[in-house]
Amino acid sequence: MIFMFDTIEEKQAKKIINDILPPRIKQIFASTVYCGMKIAGKICMEHPELPKLSRYDAGCQLRFIISYLLTKIADNELTARLTYTETRGNSSPDYWWDSRIKIQVKKNDKSEALPKKSFNRTSNAKSNQGSLFTIDEFSECYVLVTYDHKDFNCTYIQIGIPDAKYERWLDIERIENYIDTDTTEYIEKNYGKDLEAALSDEKITKQFNLTINE
């Protein structure tokens, strides 16, 4: 019989996801991704004249919608201790919880696999290694929120920590159960109309071939 034991990094990853990251952060990310899908789906339904791929790539621009909503919450809910830093080009912002855990959001069609390698992701993953990856001497940790949908209906949302080599998950948790009714209603009431205005008919029809970098 072969016994499998968690490595130190796996144990620390579980502790970070289960004990350190607060439920409110999971609520914010799960609810925001869910709301983004709802808003994107609504916009698509209002623009049936656009080609299917174009409606996805730019007409709805789901990544833009999610980023827009997350930055609004970070600006307005200071008690969540969620901040963000702008990144280069059209990439989504980097989010920080408590100024020490970096969180990035990425669409990924396979929940069990890491998103495809990129210089950005592999570089950030190096934070999750050896002596740096301890609770007592905590310096920095890199976390990914990944999600997917079918016709803007959620198939999964999860939060996970990749290993330092960016080859596998150290730990992941599905967070659909953290979708919070009060949060989604607040988002739709306070930010929905402004967001839909930003994605107006004119912008969608004239720029439907534009995409946001992955």
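Which side chain meets that of D19 in a salt bridge? The partner is K15, at 3.9 Å from N to O. A salt bridge here is a side-chain nitrogen of Lys or Arg within 4 Å of a carboxyl oxygen of Asp or Glu. The structure is a predicted model, in which local features need pLDDT of at least 70 and side-chain atom pairs count only at pLDDT 80 or more, while totals for chains, interfaces and linings use all residues. Residues are numbered from 1 along each chain as its sequence is written, and side-chain values use heavy atoms, with hydrogens and water left out.

Both D19 and K15 belong to helix α1, four residues apart, about one turn of the helix. Helices (H or I, at least four residues) and strands (E, at least two) are DSSP runs numbered from the N terminus. D19 is exposed, at 55% relative accessible area. K15 is partly exposed, at 35%. The classes are buried (under 20% relative accessible area), exposed (over 50%) and partly exposed in between, computed with a 1.4 Å probe on protein chains only.

The fold contains an open sheet of six strands. Their order is β1-β2-β3-β4-β5-β6, with mixed pairing. Two strands pair if DSSP finds at least two bridges between them. The edge strands, β1 (82-85) and β6 (169-174), each pair on one side only. On average, neighbouring strands are turned by 30° against each other, direction ignored. Axes are lines fitted to C-alpha atoms, for helices over the stretch in contact; angles run from 0 to 180 degrees between N-to-C directions.

β1 and β2 run antiparallel and are joined by four bridges. Y84 has Y95 of β2 as its bridge partner. Helix α1 packs on the sheet, where it touches β2, β3, β4, β5 and β6. The direction of α1 makes about 25° with that of β6. Contact means heavy atoms within 4.5 Å.

Strand β4 (residues 141-150) is mostly covered, with nine of its 10 residues buried. It pairs with β3 (residues 101-107) in the parallel sense over seven bridges. β4 and β5 form a hairpin with two residues between them. D151 in the turn has a positive phi of about 55°.

The largest nonpolar core has 44 residues. Such a core is a set of buried Ala, Val, Leu, Ile, Met, Phe, Trp, Tyr and Cys residues joined through side-chain atoms within 4.5 Å. F29, L69, I101, I103 and V105 have the most contacts inside it. Helix α2 gives the largest share, 11 residues. V105 touches F29, V33, I66, L70, Y95, V145 and Y147, not counting residues up to four places away in sequence. Apart from this core lies another, of six residues, including L114, Y142, Y166 and W169.

The salt bridges total 11. E173 and K26 meet at 2.8 Å, N to O. This pair links distant parts of the chain, strand β6 and helix α2, 147 residues apart. Both E173 and K26 are buried. D148 forms a salt bridge with K107, the closest N and O atoms being 2.9 Å apart. D148 lies in β4 and K107 in β3, so the pair ties together parts 41 residues apart in sequence. D148 is buried, with a relative accessible area of 10%. Salt bridges that share partners also join R81, D98 and R100 into one network.
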